[in-house]
Amino acid sequence: MVDHPRVRFAPSPTGYLHIGGVRTALFNWLWARKNRGTFVLRIEDTDQERSTPESVKVILDSLRWLGLDWDEGPEVGGPQGPYFQMQRLHLYREFADKLISNGRAYRCYCTKEELASAREKLKQENPKANFVYPGTCRNRTDHPDRPHVVRFNMQAVNREATAYKDLVFGEVSTPNSAQQDFVMLRSDGVPLYNFGVVIDDLTMGITLVMRGRDHMVNTPPQILLYEALEHAIPQFAHLPMMLAPSGEKLSKRHGAVSVGEYETGGFLPMGVVNYLARFGWSHGDQEIFSRSDLIDKFDLEHLGRPDGRFDTKKFADVNFEHLKQDALTDLDTYVRHLGPFLDKRGLPAVDPKLLRAAIPTIRERARTLIEAADALDFYLRDRPNYDPAAVKKILVAECVENLEAVAAAIGKIEPFDKATIEVALHALLTERGLPMKAIAQPARVALTGKTASPGLFEVMEVLGRDATIARLRAGIELARGGRS
């Protein structure tokens, strides 16, 4: 394996960033970080009809949110730029001319109409046959001033098959008879995929091309281009595909497939990264990883071959583990990612100390940051949003006396912590001969506005003495017939 590898992720800015593409970016990023290599981000924007600046921004923002920083690329720069294909057209023309001059490529002047006519003629003669360009222009007199495309010359290849060792699939061999004189460069100077990617990878010094298995069909013509240019061939590693639960290609109709949907859905970046890392790669039976864990343990030997099926439940479960465990997501990180979801709730200015004290009471139940923001809401308001049904059912006149006794007891508790509160209120219940439910539910609704919440004594400790007493007295007023 090459020391200090150079790897790349090269998305097309034609829409959202697909979760399958992110898995490819992640594996390349992990390999670079593990081996003190270079992770290059390149934008393949040759589809001018669909490529947009907005899509470029989505790609950059999504990768940043996931923590997949790039060493060279847009907004970072680097010695092999520019990193947008449409800014590199002069390079493609230069290399195409080189291949023409050594007989490995040629200018093709066939018009679209001529090719369409040839296809139609073949279809009439043999409806099942696939059209293969017959090399019409291979020996034509050169007229570089006329409109033309540039085609690769398969006749100059003097062996029967193109073979390479895939780091995932092992030895792969493709008959060269399966290749035709493919178009490298369009008449407008824009490269087709195989030519553009080879020139970019070659000039950017990419040493390992790691990408989805669906690109295996592109590898033989790319190897032929490297050979024609007399350049060292990078290593290839093709990753198993990410399929829908039904076995089809994963798409939006199967659910959330864009990074943005997981971000707005309340997932943590590391929850997404962890699930994707385990999609096609394994490290024994370990399922949950920190970022440093992944960098340390990631390898190519344990990349699998079988395609996998996207499991929404497992994805959510992995995210939940990262939300639950402080060892995976420290409190500072939790607070940072939670912030936008609290902002959306129209809360007053949030007391950072109160928020940090409240989070541990809800962490083990909130499966997303949206659920966490919802569960924390009552802590962060001067007055909780009362559930009318809970108020009607629980805060009734019969509970007034007990709530007043709890409020009086709260005023005397010292120190005001969970353990001391629990002892004091149990003593109150014993003194009055009451079961816990006599005070627990009315106090819970008074303090939180809901019938379900974190532990009552935990809630009181987090709110503090003054807020607890104020909310109990507000609950007493509701029980006496005041409006919620």
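Modeller: Helix 1 gives the most to the lining of the largest pocket, with four residues. Helices here are DSSP runs of H or I with at least four residues, strands are E runs of at least two, and both are numbered from the N terminus. Keep in mind that this is a predicted model, where local features need pLDDT of at least 70, side-chain atom pairs count only at pLDDT 80 or more, and totals for chains, interfaces and linings use all residues. Residues are numbered from 1 along each chain as its sequence is written, and side-chain values use heavy atoms, with hydrogens and water left out.

Biologist: Which residues lie nearest the centre of the largest pocket?

Modeller: Pro11, Ser12, Gly21, Asp214 and His215, out of 34 lining residues. A pocket is an open set of points on a 1 Å grid over the protein atoms alone where a 1.4 Å probe fits, with protein on both sides within 12 Å along at least five of seven lines; lining residues have an atom within 4 Å of a point.

Biologist: And what is its volume?

Modeller: About 1,100 Å³ for the largest pocket, a volume being the space filled by probe spheres set on the points, which are joined across faces, edges and corners.

Biologist: What about the second largest pocket?

Modeller: That one holds about 380 Å³. It is lined by 16 residues, with Cys110, Thr111, Lys112, Val149 and Ser187 closest to its centre. Helix 4 (112-125) and strand 4 (149-152) each supply at least two residues of that lining.

Biologist: Changing topic, how many helices and strands are in the chain?

Modeller: There are 19 helices and eleven strands. The radius of gyration is 32 Å, well over the 23 Å that the globule rule gives for 484 residues, so the chain is more spread out than a compact globule. That radius is taken over C-alpha atoms, and the rule is 2.2 Å times the number of residues to the power 0.38. The C-alpha atoms fill a box of roughly 105 × 45 × 40 Å along the principal axes.

Biologist: Last one: is Met460 buried or exposed?

Modeller: Met460 is buried, at 0% relative accessible area; buried means under 20%, exposed over 50% and partly exposed in between, with a 1.4 Å probe and protein chains only. Met460 sits in helix 18 (residues 456-463).

Biologist: What does Met460 touch?

Modeller: Leaving aside residues up to four places away in sequence, Met460 touches Val406, Ile410, Phe416, Ile421, Leu425, Leu447 and Thr468, where contact means heavy atoms within 4.5 Å.
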